[in-house]
Amino acid sequence: MPIPPYLDAAKDLEPNKEQWAAYQSEGNFVALAGPGSGKTKVLTTKLAKIIHEDIEPPRGLACVTYSNECARELRRRLKKIGVSGSGRIFIGTVHSFCFQHIVRPYARLADLDIAWPIRVATQNEQNEQFSNAVSNTLGPDQNPYDWRFPSMAYRRVYLDRGSTVWKKTDKGCANIVEEYERLLRNRGLIDFDDMMLLGLQLVKKHDWVRSSIHAKFPAFIVDEYQDLGVPLHELVMALCFSQGEKNCRLFAVGDPDQSIYGFAGAQPNLLQELSKRNGVGTETLRLNYRSRQNIIDASELALLEDRGYRSATKETGVIEFHGFPEGLKQQAAFIASKLVPSLLKNEVVENRGDIAVLYCTKYEGDFIADALSEAGTEYLRIDNNAAYPKTILTRWLEDCAQWCMSNGGNEAPLLRSIINDYRKLNNKLQSERDRIEAGQKLVRCLMRHNNTNEPLQKWLHTLATECLFEHLRADGTQDQEIANLEALLEIASDDGKISDWTIERFGGQGGTPEHLNLMTLHSSKGLEFEVVILFAMNDGIIPSYRQTKPEQKHEPRRLFYVGLTRAKTEVHITYSGKRETRYRTRTSGPSEFVAELKERLEK
Amino acid sequence: MHISRIQIRNFRNFHDLDVKTGKHLVIVGENRVGKSNFLHALRLILDPSLSERSRCLQITDFWDGAYPLTDESTIQISVDISDFEDDEKQLAVLSDYCVEHSPRVARLTYEYSPKPDLESTPSKDSDFDFQIYGGDDDTREVTREFRQRMPMDLLPALRDAESDLSSWRRSPLRPLLDALCGELDDSAKESLAYAIEQATKAIGETDEVKELGEQISKAIVSLIGPNHSDETSLQLVPSDVDRLIRTLKVFIDDGTRSINDASLGSANVIYLALKLLCLELEIEDNVRDHSFLAIEEPEAHLHPHIQRRIFRAFLNPRKHLVGSTSDTKERNPNRSLLLSTHSPHIASVSPLNSIVLLRATTRDDHRTTIASSTAEAGLEQKDVEDIERYLDVTRGELLFCKGVLLVEGDAEEYLVPTLCKQLGHDLDELGIAVCSVSGTNFMPYVKLLSSHGLDLPFAVITDEDPQEGKDCLALSRVKKIAEFLNPDYEYSDDVDVFFAEAESEGIFVTEHTLEIALFNCGRPKAITRTVEELTSVDAAKERAKSWRKETESLDAEQLLKDIGKIGKGRFAQRLSTRVLNGTCTSAPDSVKNAIAFLVEQI
C-alpha cells in the first residue's frame, strides 16, 4: 500500500518539538501558535492524522474556521496531503457548519419556530428590517448605521436571552435585536448570524442533537479560535465538554495576540481559558519560520509583550520608517513611484506579488489604489472597496475564468472541483440525470468561451443566463448570491467600473505574481509577504480617533502587531504630518504605536 | 437496527400499503400477491447494485387504479428505520434523515413523480423522474454512499447457486479469498510458494510428465510453426501465491467431490453460508454498517428439516443457535433478513413479529395488496411465546389460511370440521383453519388475528358453561373479547341480547357445552352410542342407553362426567367418524352461525 502523503508532511514537523507534540497529541488539545509558526501546517497534518488513524468511516470530523477564504485555503492545503473533502469531512465557517449540520437537519425535528423551507435574508432585506427595528424601538430620528455594529456584536456576545445581563447591559441593543429578529421571522427569514445562533440554541437544548453531531463528527477542529467569539466557544463547550463519553474531541489552534475581531464579538481570553482547562493538553508554537529575528523582536516591542518567539533564520531584516510632512497622497505616491520600484530594482523581491500594502480601512485603500493606477502598476485589492465582494459564487466564477485561461494547465483549478462547487450552489434535489446534464451544459459553456481576451461582460452574461440564474433560483436559499451576480453583471456592463476587464483579468483576481497586493490589516491575517508596507500609520487612524480609552487601544495594537508579523524580510511603515478625513484635513503625526516602536527600537 | 415500517403508494400491486415490522421480515402470501414487488420496492431505496436506469420506474409501474395519470400522480415508497442509536456509525449515517428523535426513527423515501413545469398532462416515461430523500425534507438526498453503507442484497428466486459458486465473478467465495490474500504475510506466502514449487518440480520432473509436455509442444509447433506457438508446460498450479489462493475451491465429502457434484440442496446451503460470511466480513472491514439480506423463496431445494433448522437459527440468533459460540451472537445483530416464502416450515419457525402477511383485496374495483403484521398487536411476551410455539407445532397453518375458527380444545378441533362438512362447508377447500386455544384464553389469538394484528377473518366458538345460580362462565370471557374488538359499542346488560350482539363481532356461544348442544340439536343417538362404545364403566353404558331412549331425561352434568372419563379428545375423534358416516346435518346454532359468518367474511 502506498504511504499516505500526510506522513511525509508529518516528518517535517518532527524536528520541531512543539509542533511534534501538537501532532502527536491525544485527547483535547490547544496549540497556541505565534505568527509564522506553521500553524496551518500543524492543523492540516493533524487533521489528516486524525481522519486516517483515529476515526473510522462513515464517521468523520468537522473543521471550522473564520471565513470562507480560510476554509478554501485549508481545503487547498489538505488536498496536497491527500485529504479530499468528502461527505464525512466538513471544512467551513461556523455559520455554514451550524446551518448545514444543525439547523437544516434538526430544526424541524426540534420544532424550532422558523419558516420552512428556510430562506436566508439578502443584505438588502437585512438592512431594511434592521432600519425598521431601530425606528420601531428607538424612534424614527435614529440613524440605523450607528446601531448596526454595536447591536450585531451585542447579539453575538450576550447569548442568554433570558438573562438580566442580556436585558440590562445595553437595553437599546437588546430591544433592537429582538425587534429585528421578530421582523425577519414575520417575513419567514433568518439572517446569517441566525444560522449560528439557532444552531447553538439547538445544540444546547437537545441531547439528541449533540449525540447526532458526535456520531457524525467525533472530532471537532477549530482554526483561528481567537476570532470566533462567544457562540463558537459555547458550541465547543457543549460538544466537547458537557456530554461525558459522547464528548467530541477538540483540537484548536489560535493566537490571542492576533485577536482583531473584538468589534464583532471575539474575545482573546476564551482561547487562553480553554488552554488552561483541566484535561486539555496545550503547547505554544514559538519557532517563527516567516520573519527575521529583528522583525519578530520589533513586533513584540510593539505588542508590549515578551513572547520569546525565535526566528528560524539567522539573517537580519529591514525595518524602515518613512515620515511625510504632507498627507496620505504623498505617502501613496512615494510607495507607488519610489518604494515599490526600488524594491524590485534592488531585487529585494522577485515579483510585485511578493509585496503587500496594508492599511486600516478601505478609505485609505483608495489613496494607494489611485496612486498605483496612476503609476500603471497592476494590483489586486482585497477589502470592501474591491470591485466586487468575494463570495462563494464570485470565487467560483474566478475559478471558472482561471480554468478557461489555463486550458487545463497544471495550476488550473480542476474541472471536477469546478463542477462539484457548481452543484453545491443548488441544494435542491435533482435526479442524477439532471445533475449530469447541468454539469455537461456548464462544461460546454466554459469550453466555448476559452478565449482569454474575450470581454468579461460577454462571458459573464453567457454563463449567468445559461448556467447560473435558473440554477441559483432553484435552490431557494441563494437570494444573496443572485443579488451578487446581478451586481457583478452591472459593474461589468458598459458603464460599470470593470467594463474593460477580460476573462484573463478576472481570472487573475485570485492573485498572480504580477499583482501588488492591497488589503486591509484585517484581511491580511494568515497571509505572509516578503515585504510589507504599512500604509497610513497615522495618529487618529490607528488607533482610531474614537479609541481614546486605554482598554480600547488593545485591539488596534494587536492589529498593528498583525501587520508587522506578516513580513518575512522587510517592513516599511509610512505616516504623515497630516491626516485627511472624509470631511477635513487635520494635522497629526505618526500613530502612537509607531512613535513608541521607533523610540524603543532606537534604544 | 431494523426496518420498522414500510409504506408503499401507487406502486404495482399496492394502492396504499402501510405496515409496521420487526427485526426481520418473513413475507408470506399467495402467488401473484406481490411478494417480489414488495421486495423490489425496498430495493429501489436500499440496493446499491441496482442501476440508475432500473431505479427509475416507468409509467407502467403505477397501480391500476392510478390511471389516468395526472400532475399529482406519484409513486411513493418509504422505509422507516429504528433501533440504530446505540451504534455510532449507523447513527452517523442516519441522524440527518430522522423524522422522530426520542427514540430516533429515520425515514427514507423514494418518489416517482411528474417533472415540474410539464406543459401537458404527463403521459410518457420521460415526463416522470424519481428522487430518493431522507427525513421529511425532500431536498436531503439519500446518496449512493448511503446505500453502500447499509446495502440490501437480493438473492432472487431463480438463483442458480451451483453456477454462481463455480463462476469466479459471482462467487461469494471470491471476497473471502481476496481478504485472505491480503491477510497472509510475506513470509507465509514465501514458504507456501516454496512448497508448491517443490511439488510442481517433483511432478514435472517425472519422465512421463516431461515426455508428455514435450509431445504437446511438438504437436502445437507442427500445427502453426515455431514462430507463432506459445510455449507450453505442464504444471500443477500457477506458482504465484495470490493467484493460487484464488483457485481454492470448496469441496465436500472429505474433499472427494466438488460443488458441481453436490446436490442442489447442499449447493444452496453452501452458497448461503458463504454469502453470510461475506456480509460479516464487510461489516468487520467497515465497508458497511448493516446488511439487509433479502432471499426470495429460501426454501428452494431444501429439505423441510434443513429449512427449519437453518432459518430458526438465522431468525432467532439468541434462542436457537446450534453448536455455535457466543462469538457468533456478537457478530450477528448488524444483519436483517427479508425472506419471501411459501414454506410453512420457515414461517412456522419465524419470530411472530417478523411475519408480514400480504393479501389481495379490491379498492375502487381494482385489485390491491395490503399487508399486516403483529408489530402493533399489543401482545404480551408470554402470549407471543405461546403463539410462536403453537405456530411451530402446527407448521404455521394460521399464516397460510384465509380465515380462522378459534375453538376451545381438542374436541372442537375434531368435531367442528366434521360438522361443517356435513353443513356443506369443506374447511380445507375454503382455507379455514380451526385453531384450538387449549382452554378459554382466547385473547392472545384474538389480538393476533384482529385488525391490530394479522387482520384475518376469524370467528370464536366458546361454550356457555352455565353455573348454578350465577352468570355463566362465558359471559365475562365474551365480554372481554367483544369489548376489545369494538370498544366504542355499548353492549346490552341483558345476557341473551348481549350474546346476540357479540355474534356480529364473530363470537358465538354454544348453549351449555358442545357435547350437550350436539345431544340437544338432534344427535342424541350419535352421542350415546359413542359413549357406549368407548366407556369401560357399565353404569355409564346403562345411562347412555336410557338417555337415548328418553332424551328428556338427560343429566347433562353426568353425561359430561362420563365423557370426561373416556377422554374428551378420544370421544370427539370417534364421534366425528360417526357423524361423518351419518347423514344427519344438524349442528348446534353456534357452529352453524360461526361458519356462515366466516364464509361471508372470506
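**Helices and sheets in chains A and B**

Visitor: Which strands does helix H15 of chain A lie across?
Guide: Helix H15 (residues 328–345) of chain A lies across S11, strand S12 (355–359), S14, strand S15 (529–534) and strand S16 (567–576) of that chain. Helix H15 runs at about 150° to S16(A). Helices (H or I, at least four residues) and strands (E, at least two) are DSSP runs, numbered from the N terminus. Angles run from 0 to 180 degrees between N-to-C directions, with axes fitted to C-alpha atoms, for helices over the stretch in contact.

Visitor: What sort of model is this?
Guide: It is a predicted model, where local features need pLDDT of at least 70 and side-chain atom pairs pLDDT 80 or more, while totals for chains, interfaces and linings use all residues. Residues are numbered from 1 along each chain as its sequence is written, with chains lettered from A and ligands numbered from 1 in the order in which they are written.

Visitor: What order do the strands in that chain A sheet take?
Guide: The order is S11-S16-S15-S12-S14-S13, 6 strands in an open sheet with parallel pairing. Two strands pair if DSSP finds at least two bridges between them.

Visitor: Which ones are at the edges?
Guide: Strand S11 (318–324) and strand S13 (379–382) of chain A, each pairing on one side only. From one strand to the next, the twist averages 20°.

Visitor: How many bridges hold S13(A) to S14?
Guide: There are 4 bridges between S13(A) and strand S14 (residues 516–520) of chain A, and the two run parallel. Arg381(A) stands opposite Leu518(A) in S14(A).

Visitor: New topic. What about the chain B sheet, is its pairing mixed or parallel?
Guide: Mixed; 6 strands of chain B form an open sheet in the order S8-S11-S12-S3-S13-S14. Strand S8 (152–155) and strand S14 (366–373) of chain B are at the edges and have a single partner strand each, so one side of each has no neighbour in the sheet. On average, neighbouring strands of this sheet are turned by 20° against each other, direction ignored.

Visitor: How do S11 and S12 of chain B run?
Guide: Strand S11 (residues 291–296) and strand S12 (residues 335–341) of chain B run parallel, joined by 6 bridges. Phe292(B) stands opposite Ser336(B) in S12(B).

Visitor: Back to helices. At what angle do H6 and H9 of chain A pack?
Guide: At about 130°: helix H6 (residues 123–138) and helix H9 (residues 171–186) of chain A have their axes 8 Å apart.

Visitor: Which residues make the contact?
Guide: From H6(A), they include Gln129(A), Phe130(A) and Ala133(A). Among those from H9(A) are Gly172(A), Ile176(A) and Tyr180(A). Residues are in contact if their C-beta atoms, placed from the backbone, lie within 7 Å.

Definitions and conventions:
Two residues are in contact if their C-beta atoms, placed from the backbone, lie within 7 Å.
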